[in-house]
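Please study the sequence and the structure before working through each solution.

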Amino acid sequence: MQPYPPQDEKRKERLIEDIVALMHAGEPDEKKTKLVGRWIDLLLQKSRGKPWWFLKNVASGTLDPGQDLIDLKGDIDRVVAIFAPSRLEKVSLSKIVAMRAYALEHNKPNAGPPAVYALEGRRVHLWPCPSSVTPCFVLYTRPLSVEIVPEEWEQLIISGVLGYYAGNYDRDNLMYEPRELKAEYKRDLRAAVSDSLDIDTSTAWDDLLAAAITTAQAPSSVSDDATDIAVPASLTGIGHTHIYPLEVQ
(Lines give C-alpha, C1' and ligand atoms only; values in the text may rest on other atoms or scores of the structure.)
Protein backbone atom coordinates (compact mmCIF):
# COMPACT_ATOMS: atom_id res chain seq x y z
CA MET A 1 0.00 0.00 0.00
CA GLN A 2 1.96 3.00 -1.22
CA PRO A 3 0.13 6.35 -1.46
CA TYR A 4 3.29 8.29 -2.30
CA PRO A 5 5.10 9.35 -5.48
CA PRO A 6 6.85 6.67 -7.54
CA GLN A 7 10.57 6.24 -6.99
CA ASP A 8 12.75 8.33 -9.33
CA GLU A 9 16.03 6.51 -9.94
CA LYS A 10 17.44 9.34 -12.10
CA ARG A 11 16.84 12.16 -9.62
CA LYS A 12 20.23 12.07 -7.89
CA GLU A 13 22.07 12.11 -11.21
CA ARG A 14 20.07 15.14 -12.37
CA LEU A 15 20.59 16.99 -9.09
CA ILE A 16 24.34 16.43 -9.20
CA GLU A 17 24.49 17.85 -12.74
CA ASP A 18 22.42 20.90 -11.69
CA ILE A 19 24.49 21.58 -8.57
CA VAL A 20 27.83 21.30 -10.40
CA ALA A 21 26.49 23.62 -13.12
CA LEU A 22 25.35 26.21 -10.54
CA MET A 23 28.80 26.05 -8.94
CA HIS A 24 30.37 26.85 -12.33
CA ALA A 25 32.74 23.99 -11.55
CA GLY A 26 33.02 22.52 -15.04
CA GLU A 27 31.77 19.11 -16.09
CA PRO A 28 30.58 16.66 -13.36
CA ASP A 29 33.53 14.22 -13.44
CA GLU A 30 33.84 11.21 -11.11
CA LYS A 31 35.39 13.20 -8.26
CA LYS A 32 32.73 15.94 -8.36
CA THR A 33 29.93 13.37 -8.71
CA LYS A 34 31.05 11.53 -5.56
CA LEU A 35 31.52 14.78 -3.64
CA VAL A 36 28.16 16.32 -4.52
CA GLY A 37 26.43 12.95 -4.01
CA ARG A 38 27.89 12.87 -0.51
CA TRP A 39 26.61 16.40 0.13
CA ILE A 40 23.11 15.36 -0.95
CA ASP A 41 23.18 12.41 1.47
CA LEU A 42 24.37 14.67 4.31
CA LEU A 43 21.59 17.18 3.60
CA LEU A 44 18.95 14.45 3.74
CA GLN A 45 20.26 13.48 7.17
CA LYS A 46 19.51 17.05 8.26
CA SER A 47 15.96 16.63 6.93
CA ARG A 48 15.16 13.46 8.87
CA GLY A 49 13.07 13.19 11.99
CA LYS A 50 9.88 14.73 10.58
CA PRO A 51 6.63 12.80 10.00
CA TRP A 52 7.03 12.72 6.23
CA TRP A 53 3.92 11.17 4.72
CA PHE A 54 5.82 9.69 1.76
CA LEU A 55 7.98 7.52 4.05
CA LYS A 56 5.02 5.62 5.49
CA ASN A 57 4.31 2.12 4.22
CA VAL A 58 2.50 -1.08 5.15
CA ALA A 59 3.63 -4.65 4.53
CA SER A 60 0.98 -7.36 4.69
CA GLY A 61 0.97 -11.14 4.83
CA THR A 62 -0.37 -14.07 6.82
CA LEU A 63 0.96 -15.98 9.82
CA ASP A 64 0.75 -19.74 10.08
CA PRO A 65 -0.56 -21.52 13.20
CA GLY A 66 2.23 -21.51 15.79
CA GLN A 67 4.09 -18.75 13.96
CA ASP A 68 5.37 -16.47 16.72
CA LEU A 69 8.42 -15.17 14.87
CA ILE A 70 8.55 -12.84 11.87
CA ASP A 71 11.82 -12.11 10.11
CA LEU A 72 11.48 -8.67 8.48
CA LYS A 73 13.32 -8.32 5.19
CA GLY A 74 13.63 -5.24 3.01
CA ASP A 75 14.21 -1.51 3.29
CA ILE A 76 12.97 -0.48 6.76
CA ASP A 77 13.84 2.62 8.73
CA ARG A 78 11.57 2.02 11.74
CA VAL A 79 8.70 -0.29 12.69
CA VAL A 80 5.82 1.92 13.88
CA ALA A 81 3.08 -0.62 14.68
CA ILE A 82 2.05 -4.22 14.06
CA PHE A 83 -1.49 -5.53 13.56
CA ALA A 84 -2.42 -9.24 13.66
CA PRO A 85 -5.07 -8.23 12.75
CA SER A 86 -5.82 -6.03 15.80
CA ARG A 87 -3.11 -3.61 16.87
CA LEU A 88 -0.53 -5.27 19.14
CA GLU A 89 1.05 -3.72 22.22
CA LYS A 90 4.84 -3.38 22.13
CA VAL A 91 6.63 -4.92 25.12
CA SER A 92 10.16 -5.99 26.00
CA LEU A 93 11.53 -9.27 24.69
CA SER A 94 12.21 -10.40 28.27
CA LYS A 95 8.48 -10.14 29.04
CA ILE A 96 7.56 -12.32 26.06
CA VAL A 97 10.28 -14.83 26.95
CA ALA A 98 8.89 -15.01 30.49
CA MET A 99 5.34 -15.63 29.23
CA ARG A 100 6.58 -18.34 26.86
CA ALA A 101 8.55 -20.02 29.65
CA TYR A 102 5.63 -19.89 32.10
CA ALA A 103 3.23 -21.41 29.57
CA LEU A 104 5.69 -24.18 28.72
CA GLU A 105 6.54 -24.96 32.34
CA HIS A 106 2.92 -25.08 33.53
CA ASN A 107 1.37 -26.54 30.36
CA LYS A 108 -0.70 -23.39 29.88
CA PRO A 109 -2.31 -22.24 26.60
CA ASN A 110 0.17 -20.40 24.39
CA ALA A 111 -1.82 -19.99 21.16
CA GLY A 112 -4.56 -17.54 20.28
CA PRO A 113 -4.96 -14.06 18.80
CA PRO A 114 -1.57 -12.29 19.19
CA ALA A 115 -1.75 -9.46 21.73
CA VAL A 116 1.83 -8.19 22.22
CA TYR A 117 5.07 -8.05 20.25
CA ALA A 118 8.76 -7.32 20.81
CA LEU A 119 11.48 -6.31 18.36
CA GLU A 120 14.92 -7.89 18.32
CA GLY A 121 16.75 -6.30 15.41
CA ARG A 122 14.77 -7.33 12.31
CA ARG A 123 13.02 -10.19 14.14
CA VAL A 124 9.53 -9.74 15.59
CA HIS A 125 8.43 -11.93 18.53
CA LEU A 126 4.70 -12.44 19.10
CA TRP A 127 2.63 -13.59 22.07
CA PRO A 128 0.50 -15.64 21.98
CA CYS A 129 1.39 -17.48 18.81
CA PRO A 130 -1.46 -17.64 16.28
CA SER A 131 -3.79 -20.62 16.68
CA SER A 132 -4.94 -20.34 13.06
CA VAL A 133 -3.94 -18.60 9.85
CA THR A 134 -3.86 -14.91 10.80
CA PRO A 135 -3.56 -11.75 8.65
CA CYS A 136 -0.58 -9.60 9.62
CA PHE A 137 0.24 -5.96 8.83
CA VAL A 138 3.45 -4.12 9.68
CA LEU A 139 3.36 -0.32 9.62
CA TYR A 140 6.86 1.04 9.04
CA THR A 141 8.79 3.98 7.64
CA ARG A 142 11.34 3.80 4.86
CA PRO A 143 14.79 5.43 5.06
CA LEU A 144 14.82 8.95 3.62
CA SER A 145 16.62 8.89 0.28
CA VAL A 146 16.76 11.19 -2.72
CA GLU A 147 15.01 8.69 -4.99
CA ILE A 148 11.76 8.63 -3.00
CA VAL A 149 11.18 12.28 -2.09
CA PRO A 150 8.44 14.20 -3.94
CA GLU A 151 9.39 16.23 -7.01
CA GLU A 152 9.12 19.55 -5.16
CA TRP A 153 12.06 18.49 -2.97
CA GLU A 154 14.48 18.95 -5.88
CA GLN A 155 14.72 22.73 -5.38
CA LEU A 156 14.97 22.22 -1.61
CA ILE A 157 17.95 19.88 -2.04
CA ILE A 158 19.73 22.16 -4.52
CA SER A 159 19.52 25.24 -2.29
CA GLY A 160 20.49 23.23 0.80
CA VAL A 161 23.55 21.61 -0.76
CA LEU A 162 24.78 24.91 -2.24
CA GLY A 163 24.15 26.79 1.01
CA TYR A 164 25.62 24.30 3.47
CA TYR A 165 28.40 22.58 1.55
CA ALA A 166 29.24 24.03 -1.85
CA GLY A 167 29.55 27.56 -0.39
CA ASN A 168 32.30 26.42 1.95
CA TYR A 169 33.98 24.42 -0.79
CA ASP A 170 34.33 27.20 -3.38
CA ARG A 171 32.09 30.17 -2.67
CA ASP A 172 33.64 32.29 -5.44
CA ASN A 173 31.98 30.10 -8.06
CA LEU A 174 28.48 30.34 -6.61
CA MET A 175 25.83 32.51 -8.21
CA TYR A 176 24.24 33.33 -4.82
CA GLU A 177 25.40 33.98 -1.26
CA PRO A 178 25.48 30.76 0.84
CA ARG A 179 23.49 32.52 3.59
CA GLU A 180 20.66 33.23 1.18
CA LEU A 181 20.65 29.60 0.02
CA LYS A 182 20.60 28.29 3.58
CA ALA A 183 17.63 30.52 4.36
CA GLU A 184 15.87 29.30 1.21
CA TYR A 185 16.47 25.65 2.19
CA LYS A 186 15.07 26.21 5.69
CA ARG A 187 12.04 28.04 4.29
CA ASP A 188 11.36 25.27 1.77
CA LEU A 189 11.78 22.61 4.47
CA ARG A 190 9.21 24.33 6.70
CA ALA A 191 6.81 24.44 3.77
CA ALA A 192 7.41 20.73 3.10
CA VAL A 193 6.65 19.92 6.76
CA SER A 194 3.39 21.83 6.50
CA ASP A 195 2.49 20.01 3.28
CA SER A 196 3.25 16.63 4.86
CA LEU A 197 0.66 17.33 7.55
CA ASP A 198 -2.01 18.22 5.01
CA ILE A 199 -5.22 16.32 5.76
CA ASP A 200 -5.52 14.82 2.27
CA THR A 201 -2.00 13.40 2.10
CA SER A 202 -1.71 12.34 5.74
CA THR A 203 -5.00 10.43 5.78
CA ALA A 204 -4.67 8.65 2.40
CA TRP A 205 -2.34 6.07 3.89
CA ASP A 206 -4.35 5.74 7.13
CA ASP A 207 -7.52 5.04 5.14
CA LEU A 208 -5.80 2.24 3.22
CA LEU A 209 -4.53 0.62 6.42
CA ALA A 210 -7.91 0.89 8.15
CA ALA A 211 -9.69 -0.69 5.18
CA ALA A 212 -7.19 -3.57 5.03
CA ILE A 213 -7.47 -4.32 8.76
CA THR A 214 -11.27 -4.15 8.69
CA THR A 215 -11.32 -6.65 5.83
CA ALA A 216 -8.95 -8.99 7.66
CA GLN A 217 -10.50 -8.67 11.11
CA ALA A 218 -11.52 -12.04 12.53
CA PRO A 219 -14.15 -12.46 15.26
CA SER A 220 -11.68 -14.28 17.51
CA SER A 221 -9.29 -11.31 17.47
CA VAL A 222 -11.37 -9.47 20.10
CA SER A 223 -9.74 -11.68 22.78
CA ASP A 224 -6.16 -11.11 23.88
CA ASP A 225 -5.96 -14.36 25.84
CA ALA A 226 -4.17 -17.53 24.80
CA THR A 227 -6.85 -20.08 23.92
CA ASP A 228 -4.99 -23.18 22.76
CA ILE A 229 -1.73 -25.08 23.00
CA ALA A 230 0.60 -25.21 19.99
CA VAL A 231 4.28 -25.82 19.31
CA PRO A 232 5.49 -22.29 18.54
CA ALA A 233 8.22 -21.56 16.04
CA SER A 234 10.40 -20.08 18.80
CA LEU A 235 10.64 -23.49 20.52
CA THR A 236 11.19 -25.85 17.58
CA GLY A 237 14.98 -25.79 17.83
CA ILE A 238 17.93 -24.38 15.91
CA GLY A 239 17.89 -25.56 12.33
CA HIS A 240 14.17 -26.31 12.49
CA THR A 241 12.76 -22.91 13.34
CA HIS A 242 10.29 -21.72 10.74
CA ILE A 243 10.46 -17.93 10.56
CA TYR A 244 7.92 -16.17 8.40
CA PRO A 245 9.84 -13.66 6.24
CA LEU A 246 7.80 -10.51 5.60
CA GLU A 247 9.13 -8.73 2.50
CA VAL A 248 8.79 -4.96 2.37
CA GLN A 249 9.41 -2.48 -0.44
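## Exercise 1: Cysteines

C136 is buried (under 20% relative accessible area, where over 50% is exposed and in between is partly exposed, with a 1.4 Å probe and protein chains only), because its relative accessible area is 0%. This is a predicted model, in which local features need pLDDT of at least 70, side-chain atom pairs count only at pLDDT 80 or more, and totals for chains, interfaces and linings use all residues. Residues are numbered from 1 along each chain as its sequence is written, and side-chain values use heavy atoms, with hydrogens and water left out.

Task: determine whether C129 is buried or exposed, and how many disulfides the structure holds.

Solution. Step one: C129 has a relative accessible area of 2% and is therefore buried. Step two: a disulfide is a pair of cysteine sulfur atoms within 2.5 Å. The structure holds zero disulfides.

## Exercise 2: The largest nonpolar core

Task: state how many residues the largest nonpolar core has, and which of them have the most contacts inside it.

Solution. Step one: a nonpolar core is a set of buried Ala, Val, Leu, Ile, Met, Phe, Trp, Tyr and Cys residues joined through side-chain atoms within 4.5 Å. The largest one has 32 residues, and I19, I40, W52, F54, W153 and I157 have the most contacts inside it. Step two: at least two residues of this core come from each of α1 (11-22), α2 (30-46), α4 (153-170) and α5 (178-196); helices are DSSP runs of H or I with at least four residues, strands are runs of E with at least two, and both are numbered from the N terminus. Helix α4 gives the largest share, nine residues. Step three: another core, of 17 residues, lies apart from it and includes L63, I70, I82 and L126.

## Exercise 3: W153

Task: describe where W153 is found and which residues it touches, not counting residues up to four places away in sequence.

Solution. Step one: W153 is found in helix α4, and it counts as buried because its relative accessibility is 2%. Step two: a contact means heavy atoms within 4.5 Å. Leaving out residues up to four places away in sequence, W153 touches L44, S47, W52, F54, L189 and A192. Step three: W153 and L189 are 36 residues apart along the chain, yet their C-alpha atoms are separated by 8.5 Å.
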